[in-house]
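Biologist: I am new to this structure and would like to learn how to read it. Could you take me through it one feature at a time?

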Amino acid sequence: MRYEILPSYVNGGWWTPDAAGMTAGDASSSATEVRDASTGEVVARVSTEGLDLAAALEYARTVGQRSLGELTFHQRAVLLKQMALALTERKQELYELSSRTGATKQDSWVDIDGGIGVLFTYSSKGRRELPNSQVYVDGGVEQLSKDGSFLGRHIFTRLPGVAVQINAFNFPVWGSLEKFAPAFLAGVPSLVKPATPTGYLAEAFVRILVESGLLPDGSLQLVSGSVPDLFDHLRLGDLVAFTGSASTAERLRANDSVQTGGVRFTSETDSINASVLGPDAVAGTPEFDAYVKQLVAEMTTKAGQKCTAIRRAVVPAASVDGVIEAVRARIAERVVVGDPRAEGVTMGPLASLEQRDEVLRQVRRLADAGGEVVIGSTDEAPTVTLADGSTGTAVDGAFVAPVLLRFADAASDALHEVEAFGPVSSIVGYDTVDEAVRLVARGGGSLVTSVATHDPGVAVALATGIAAYNGRLLLLDRDDARTSTGHGSPLPNLVHGGPGRAGGGEELGGIRAVLHHMQRTAVQGSPEMLTALTGVWHAGAAATPYAEAGEAHPFRKSLAELRIGDQVVSGSRTVTLDDIETFAHFTGDTFYAHMDEAAASANPFFPGRVAHGYLLVSWAAGLFVDAAPGPVLANSGLENLRFVTPVSPGDAIRVELTAKQITPRETDEYGEVRWDAVLKNQHDELVAQYDVLTLVAKELAPVPATIG
């Protein structure tokens with residue numbers, strides 16, 4: 001596949017600039033040529049000349065906001081799963097293009113399947129952890145008045161603008177989808193700006209999604225090429241998620257739209273990540289072997305073009321030589337550099353000749369600062385495996401052999417500050433764990449540090465010393481070496497980002513990333529108003545006891561019929577000493593507070609023998625349940641239980657059960673109902689409070705026909 005001009009997808013359609021005057025080689029042309037990383041063949045030309053970026057942003061803020069705003073969290077989550085399936089069906093197309101970026105099959109799996117996996121994960125988490133509504137409630141209720149008529153709590157609502165996502169060249173699929181998925185789930189439209197060298201792969205996945213018909217209008221736009229005036233068109237309600245160099249991030253962050261205009265800006269940038277070998281992890285231990293395996297993998301996966309790759313191998317001074325030899329042996333045995341389309345190649349080229357030249361320049365800086373090249377070379381055209389399986393030099397390919405430098409001086413500034421963004425790492429020795437902590441901290445803030453040790457004391461000392469300098473820590477030992485996802489693999493469930501030099505931002509982290517695209521607001525008002533706003537019933541809001549209203553018992557109502565505030569107010573039941581003893585002997589719970597009057601009376605929490613809390617919860621179920629088969633399918637759980645007032649023999653309890661939250665499931669014939677359960681005694685004192693969870697059919701089952 002070859003693009004004359006790589007298109008953008010904006011304003012609901014595909015767009016390319018006028019090709020006139022954009023002939024390859026024309027000095028006046030604004031088009032940038034993008035080449036195959038292995039062969040130098042032109043893959044595409046890229047330009048945004050004439051693109052109305054302001055119109056694209058406004059299209060997102062209007063059409064995109066409107067179409068996403070019509071959907072609930074769960075409806076968006078279902079669409080994410082369908083998008084993942086659509087990409088899965090056509091991922092072979094993406095694999096074929098990915099090889100042109102220099103990616104091996106394993107590299108492509110990390111990028112393409114990893115990106116699809118993010119969509120699946122956010123679809124699942126959205127349906128499990130978010131309500132089937134458009135407002136997310138954060139934390140508990142704050143009582144702001146004695147009589148409960150004035151409450152406060154926090155809510156999240158989606159930002160009213162557009163999420164601009166500026167991505168790096170190394171992960172054109174994963175890097176885009178890990179930003180897009182949480183923004184989409186939050187209900188904020190995305191404008192994706194991929195890096196030019198691999199933007200054709202981002203264009204391919206966007207094209208698949210467009211052709212699937214799954215994208216709500218305006219929810220995803222793609223700009224293929226430069227966006228020099230982007231920040232001039234941003235405003236309050238917009239946000240930018242940037243992945244790239246620290247210097248570019250600082251320049252963008254300094255823009256007036258960010259500094260004073262209210263545009264949110266988060267960045268994930270350079271990172272001199274470290275991996276520490278524990279003092280106990282000597283040669284021959286599983287931890288030593290796992291450390292070496294991981295170090296080589298991080299040097300060679302994506303040809304080391306990973307923001308999470310290991311740049312500093314921090315090992316006990318006595319183990320430096322052993323690690324170098326083990327790394328050399330593993331590279332010789334496992335690593336074959338060449339064209340990814342050739343059989344047996346395990347490491348491809350860098351993304352471009354410009355990237356190759358930059359990596360070699362940084363290696364020379366490290367060498368000039370005292371780094372000794374102990375593995376590999378700095379040849380601009382090393383011998384590699386070519387596409388036809390032969391070996392030779394590929395002068396038009398961006399190949400660099402794996403390089404390991406040894407630093408005798410651990411205090412070298414270059415060791416801790418210079419990043420060669422390729423298959424390059426440096427090794428340095430340490431004498432004490434405290435010194436290892438100081439070396440890690442010299443990186444100035446990292447995305448990730450890993451620690452290989454089987455000694456919990458070493459793990460704790462290192463983790464507590466370096467956690468504040470890292471966004472993520474991986475503790476690697478013999479127990480998790482086989483199941484670990486690895487030093488360089490961000491997971492959608494966990495935060496990806498880091499302090500200081502790493503950009504100071506956060507991405508992923510499960511629902512945290514969704515909330516990054518929303519505004520947290522403190523809301524104060526009456527129970528009735530907060531119930532209307534949140535879709536969650538608050539004590540003091542209107543309730544409808546079924547006996548008073550002459551309606552059906554709430555358990556006789558389908559999800560379509562049930563309403564927030566539908567309530568059961570039970571009669572009372574008196575607790576006797578026989579009840580307590582029967583429950584104790586039947587369950588085996590003969591705790592002294594239930595069985596020994598003297599011991600119970602001596603306890604400052606009890607007036608004497610008291611009823612079991614779980615006896616009261618069981619009785620409460622008997623007081624509020626409607627036992628006949630019906631739309632209530634199952635009790636799926638009980639949450640937030642707390643016991644407040646002890647119940648003595650002779651006391652009576654009653655229960656108020658109120659439909660608190662109703663959550664239909666988009667893909668099932670039932671949904672979840674959360675009930676507010678309150679137990680009170682004969683003095684109207686609160687005995688216990690908790691949430692009951694039930695699964696309820698969306699519609700009443702038809703009555704079976706009778707034969708007579």
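Modeller: Start with the secondary structure: the protein has 21 helices and 30 strands. Keep in mind that this is a predicted model.

Biologist: What does the C-alpha trace span along its principal axes?

Modeller: The span is about 90 × 65 × 60 Å. Of the 708 residues, 54% count as buried. The protein exposes about 29,600 Å², and carbon and sulfur atoms supply 52% of that area.

Biologist: What share of the contacts with a separation of 6 or more comes from residues 24 or more positions apart?

Modeller: Such pairs account for 74% of those contacts.

Biologist: Which parts of the prediction call for caution?

Modeller: Begin with the general idea. Where pLDDT is low, the predicted coordinates should not be read in detail. In this model the average pLDDT is 92, and 96% of the residues score at least 70. One is residues 24–28, for which the model has five contacts beyond four places in sequence. The other is residues 703–708, with zero contacts of that kind.

Biologist: Now a helix. How far does α4 reach from its first C-alpha to its last?

Modeller: Helix α4 covers residues 105–129, 25 residues in total, and reaches 34 Å. That is close to the 36 Å expected at 1.5 Å a residue.

Biologist: Where does α4 bend?

Modeller: The bend is at G114 and comes to about 25 degrees.

Biologist: How should I read side chains along a helix?

Modeller: An α-helix has 3.6 residues a turn, so residues three or four places apart point the same way. For a case in this structure, take K125, which is found in helix α4. A polar contact of 2.7 Å joins the side chains of K125 and E129.

Biologist: Is K125 buried or exposed?

Modeller: K125 counts as buried because its relative accessible area is 11%, and the cut-off for buried is under 20%. Leaving out residues up to four places away in sequence, K125 touches L130, G510 and I511.

Biologist: Which strand holds E507?

Modeller: E507 sits in strand β22, residues 506–508. With a relative accessible area of 7%, E507 is buried. Its side chain makes a polar contact of 3.5 Å with the side chain of K179.

Biologist: What else is E507 in contact with, beyond four places in sequence?

Modeller: Besides K179, the contacts of E507 include E178, A241, T243, L494, V495, H496 and A513.

Biologist: Can we try a residue in a loop?

Modeller: V173 lies in the loop between β7 (163–166) and α5 (174–186). V173 is buried, at a relative accessible area of 1%. Its contacts beyond four places in sequence are D111, I112, L201 and F205.

Biologist: How many residues apart in sequence are V173 and A281, and what is the distance in space?

Modeller: They are 108 residues apart in sequence and 37 Å apart from C-alpha to C-alpha.

Biologist: Now for a strand residue. Is L633 buried or exposed?

Modeller: L633 is in strand β27, residues 632–643. It counts as exposed because its relative accessible area is 51%, where exposed means over 50%. L633 still touches Y670, L695, V696 and A697, not counting residues up to four places away in sequence. A246 is 387 residues away from L633 in sequence and 55 Å away in space, C-alpha to C-alpha.

Biologist: What about backbone angles? Which value does phi take at A303?

Modeller: Phi of A303 is near 55 degrees, a positive value in a residue other than glycine. A303 lies in the loop between α9 (286–300) and β13 (312–316). Its relative accessible area is 2%, so A303 is buried.

Biologist: And what is phi at N640?

Modeller: Phi of N640 is near 60 degrees, again a positive value in a residue other than glycine. N640 is placed in strand β27. Whereas A303 is buried, N640 is exposed, with a relative accessible area of 55%.

Methods
Residues are numbered from 1 along each chain as its sequence is written. This is a predicted model: local features need pLDDT of at least 70, side-chain atom pairs count only at pLDDT 80 or more; totals for chains, interfaces and linings use all residues. Side-chain values use heavy atoms; hydrogens and water are left out. Helices (H or I, at least four residues) and strands (E, at least two) are DSSP runs, numbered from the N terminus. The expected span of a helix is 1.5 Å times one less than its number of residues. The bend at a residue is the angle between axes fitted to the seven residues ending there and the seven starting there. Buried means under 20% relative accessible area, exposed over 50%, partly exposed in between (1.4 Å probe, protein chains only). A polar contact is a pair of N or O atoms within 3.5 Å; within protein, one must be able to donate a hydrogen and the other to accept it, and residues adjacent in sequence count only if both atoms are side-chain atoms. Contact means heavy atoms within 4.5 Å. Accessible areas come from the Shrake-Rupley method with a 1.4 Å probe; for residues, only the protein chains shown count as cover. pLDDT is the predictor's confidence in each residue, from 0 to 100.
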